[in-house]
Amino acid sequence: MKDYLLQMKSVSKTFPGVKALDNVMLEVKKGEVHALIGENGAGKSTLIKILAGIYKPDPGAAFYFEGKEAEIQKPIDATLKGISIIYQDLSLFPNLSVAENIYIGRDSDKKPWKKINWSEMEEKAKKALKELGVEIDVHTPVEKLSIAQQQLIEIARALAFDSKLIVMDEPTSSLSSGEVEKLYKVIDDLKNRGISIIFVSHKLKELFTVSDRFTVLRDGKYVGSYDTEELNEDKLIQLMVGRQVLYEKNKEKVKTGKTLLEVKGLSKEGNFKDITFELKEGEVLGITGLVGSGRTELAQAIFGVNRPYKGELKINGETVVVKSSEDAVKKGIAYVPESRKTQGLVLRQSIINNISLPVLKQLRNKFKLIDRKKEVQLANHYVKTLDVRPALPNRAAGDLSGGNQQKVVIGKWLSTKPKILIIDEPTNGIDIGAKSEIHKLMRKLAAEGMGIIVISSELPEVLAVSDRILIMRHGRIAGEVGIEEATQENIMNYALLGPKAEELYEEEAPA
């Protein structure tokens with residue numbers, strides 16, 4: 001027991017209609033990186049929120065911290081014990097400076113009239129950043145920093161609170177490969193200083209890279225804890241999902257129909273230049289490339305939210321101008337955005353309200369009011385078709401796991417009956433089992449005649465679902481490969497070394 005920094009035993013949590021955790025345990029040693037893993041809906045987020053003092057467990061749970069029995073009734077209890085949580089959606093104040101973000105909450109026990117010691121705040125912020133080997137001006141507003149820098153600010157804040165345990169929830173989901181390597185080094189440094197880390201991720205390779213031990217949850221239950229040396233990817237997946245999950249290159253012989261979408265010479269200053277391609281009925285077109293290559297901006301241009309200044313779009317052979325997202329929906333285009341939480345869902349609203357949102361006009365009765373019966377039927381259809389769990393349409397979307405949230409976003413846009421579906425990072429932050437389900441869904445929709453554009457940073461994913469792949473580099477299409485000859489190696493060659501793009505955006509956008 002003395003080797004353990006944290007022990008959580010007999011942890012259960014019941015919500016109305018569902019038992020999220022059932023007699024779960026978690027033990028983290030001092031100075032180790034401990035992977036917490038399981039499918040979406042396995043209970044990882046619930047367990048972390050109990051550790052953070054956001055949720056209270058059912059009676060019978062026992063907590064020990066540094067060998068002593070501990071109570072965590074509210075978030076400040078966790079903070080005072082030295083527990084810091086870095087959530088996937090960073091909890092920084094964008095309009096405040098780096099120093100203010102690092103220091104905020106430290107004086108929660110002070111009287112409200114006590115003045116802030118600004119020089120002390122800046123010195124402590126500088127010290128925390130120095131410990132990480134990070135050079136950032138502490139006066140800089142956080143909104144001006146990159147995602148990777150913001151993540152380091154979260155870690156610096158944990159150090160400023162003298163944290164002994166840091167929970168990192170999907171810390172690499174928005175980072176480039178170079179930024180991920182820097183984060184690994186930071187984690188190594190923290191571990192060498194005796195700080196324990198709970199690492200939550202769905203990227204198996206990075207889990208094996210950073211973790212000393214694993215705890216596996218499945219369907220809200222404890223499966224077991226294992227040293228990294230005891231596991232490989234296949235065994236870990238089977239422990240997570242209770243079955244074998246294949247994640248192989250697409251080998252389907254696809255029969256495509258007529259051309260649905262033609263993109264000719266599309267350009268947007270600062271985003272992408274001279275993009276030309278076609279999408280056919282029944283085809284899944286993959287678009288990949290390094291972060292910053294212009295993939296998302298291209299998708300948003302086609303959907304009407306990031307209008308290009310040059311080029312032409314044709315749908316079913318007819319030249320169109322897509323002026324807005326509403327206009328795109330009318331023309332048969334749907335777009336599942338990269339961030340389901342900030343762009344795809346209204347988290348506090350129910351599954352019903354989220355799925356019906358794009359089609360409210362079609363759900364009105366003769367009195368111009370929303371036909372509630374039709375709205376519920378629509379939501380129930382997609383909850384059942386997409387296997388959203390728990391199947392409780394009145395539940396808030398924000399209460400669902402990441403994989404089930406993604407299914408709701410997809411259902412929301414399928415409700416518009418699109419002919420062209422664009423999905424940006426379809427399985428970001430989603431476990432291997434849910435990934436497989438979403439990949440099968442995309443292939444099924446394509447087989448029914450839909451044209452699908454899949455944008456993804458994960459090369460195994462692009463290879464698993466695509467019939468043809470475009471590789472973007474510096475805002476241009478650097479190469480195209482058919483699925484027969486596509487490999488991770490030749491895709492990365494195009495992404496890293498492909499035809500050298502000229503300096504972009506020479507033209508000036510019209511006023």
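1. Ground rules. Residues are numbered from 1 along each chain as its sequence is written, and side-chain values use heavy atoms, without hydrogens or water. Because the model is predicted, local features need pLDDT of at least 70 and side-chain atom pairs count only at pLDDT 80 or more, while totals for chains, interfaces and linings use all residues.

2. The sheet. Look for four strands in the order β12-β11-β14-β15, an open sheet with antiparallel pairing. Strands here are DSSP runs (E, at least two residues), as are helices (H or I, at least four), numbered from the N terminus; two strands pair if DSSP finds at least two bridges between them. At the edges, β12 (272-280) and β15 (318-320) each pair on one side only.

3. A pair inside it. Five bridges join β11 (residues 259-268) to β14 (residues 310-315) in the antiparallel sense. Which residue of β14 is the bridge partner of Leu261? It is Ile315.

4. The helix. Helix α9 (residues 295-302) packs on the sheet and touches β11, β12 and β14, where contact means heavy atoms within 4.5 Å. Among the buried ones are Leu298 and Ile302. After α9 comes Gly304, with a positive phi near 90°.

5. Leu290 sits in the loop between β13 (284-289) and α9. Leu290 counts as partly exposed because its relative accessibility is 34%.

How values were computed:
Axes fitted to C-alpha atoms, helices over the stretch in contact; angles between N-to-C directions. Buried < 20%, exposed > 50% of the residue type's maximum accessible area, 1.4 Å probe, protein only.
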